[in-house]
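Thanks for making the time this morning. I would like to walk through one model with you, moving from a few local details to the pocket and then to the chain as a whole.

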Amino acid sequence: MQGTPKRPRRAPTPEERKQCPERSRRLLMEAARDVFSEKGFAGARVQDIADRAGLNKQLIAYYFGGKEGLYQELTREWLAREATFNDPAVPFEELIIRYLREAFDDPRAIRLAVWRGLTGEAAPDEHPEDLSDMRRRQAAGELADDLDPAAVLLMCYAVVSAPATMPHAVRQIFGIEPDSPEFQERWEEQLRRIVRHLAA
């Protein structure tokens, strides 16, 4: 017995496009954040994103030009968000804690970045990291003279991202959930101590 044939998916009507376009964009971006962080760019399907948003998948092409455009829009949104708290004027310890709290509040950006690293997906406008601020901080005594600023920055990436990327390790080592207030307070306090030990 043959199953009921699937009806072809229709393009969004002009009325659908007019109904709260900003809300539709936000729903699609939120759904994409979920799906990309779970499956990476290559593994994410446009239909999965649309289904999670509860919208017609043709709206992804209409608003973003397709899956790649949606992915790039998420990256641009993160860079804009990062610019609001990445302040060169704040002490290094406080800057790292800001990144940690961002990761605690929403670990999806960290997971998306890890997928990009594991699969070799290039970020939009990817370029070498600017280490000038790290070197300035080292000259000011925030980092010891015998430390490599590049190595310190990579280490900070690792400790900030570890709870989001290795939740199983948190459970095995600490015996508590990585999203519990108990762990997050303990991790932040220990990270502050570690960063202070990096100073000259």
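This is a predicted model: local features need pLDDT of at least 70, side-chain atom pairs count only at pLDDT 80 or more; totals for chains, interfaces and linings use all residues.

Let me begin with a single backbone angle: just after helix α10, Gly 175 takes a positive phi of about 75°.

Just after α8, Gly 141 takes a positive phi, here of about 95°. Which residues of α8 are buried? They are Met 134, Arg 137 and Gln 138, and because they cover an arc of only 100° around the axis, they lie on the same side of α8. The packing partners of the buried residues of α8 are α6 and α9.

The largest pocket has a volume of about 1700 Å³, and of the 42 residues that line it, the closest to its centre are Trp 78, Leu 79, Glu 82, Tyr 99 and Tyr 157. If we ask which elements give two or more residues to that lining, they are α5 (67–83), α6 (92–105), α7 (108–119), α8 (132–139) and α9.

Now let me turn to an earlier part of the sequence, where there is an annotation to consider. UniProt, in an unreviewed entry, places the feature "DNA-binding region" at residues 45–64. In the model, the chain over residues 45–64 is 75% helix and 0% strand, with the end C-alpha atoms 15 Å apart.

Within helix α3, which covers residues 46–53, we find Gln 47. Is Gln 47 buried or exposed? Its relative accessibility is 11%, so Gln 47 counts as buried, the cut-off for that being under 20%. The side chain of Gln 47 also makes a polar contact with the side chain of Asp 51, at 2.8 Å.

Ala 31, in turn, is placed in helix α2, residues 21–43. With a relative accessibility of 3%, Ala 31 therefore counts as buried. Where does Ala 31 make contacts, once its neighbours within four places in sequence are left aside? The contacts are with Ile 49, Arg 52 and Ala 53. Taking one of these, Ala 31 and Ala 53 are 22 residues apart in sequence, yet their C-alpha atoms are 5.4 Å apart in space.

Finally, let me step back to the whole chain. Of the 200 residues in the protein chain, 38% are buried. Among contacts in the protein chain with a separation of 6 or more, residues 24 or more positions apart account for 62%.

Conventions:
Residues are numbered from 1 along each chain as its sequence is written. Side-chain values use heavy atoms; hydrogens and water are left out. Helices (H or I, at least four residues) and strands (E, at least two) are DSSP runs, numbered from the N terminus. Buried means under 20% relative accessible area, exposed over 50%, partly exposed in between (1.4 Å probe, protein chains only). Contact means heavy atoms within 4.5 Å. A polar contact is a pair of N or O atoms within 3.5 Å; within protein, one must be able to donate a hydrogen and the other to accept it, and residues adjacent in sequence count only if both atoms are side-chain atoms. UniProt positions are given in the numbering used here, feature names are shortened, and annotations may be inferred rather than shown by experiment. On a 1 Å grid over the protein atoms alone, a cavity is a set of points where a 1.4 Å probe fits but cannot get out, and a pocket is an open set with protein on both sides within 12 Å along at least five of seven lines; lining residues have an atom within 4 Å of a point. Grid points are joined across faces, edges and corners, and a volume is the space filled by probe spheres set on the points. The arc is that of the directions from the helix axis to the C-beta atoms.
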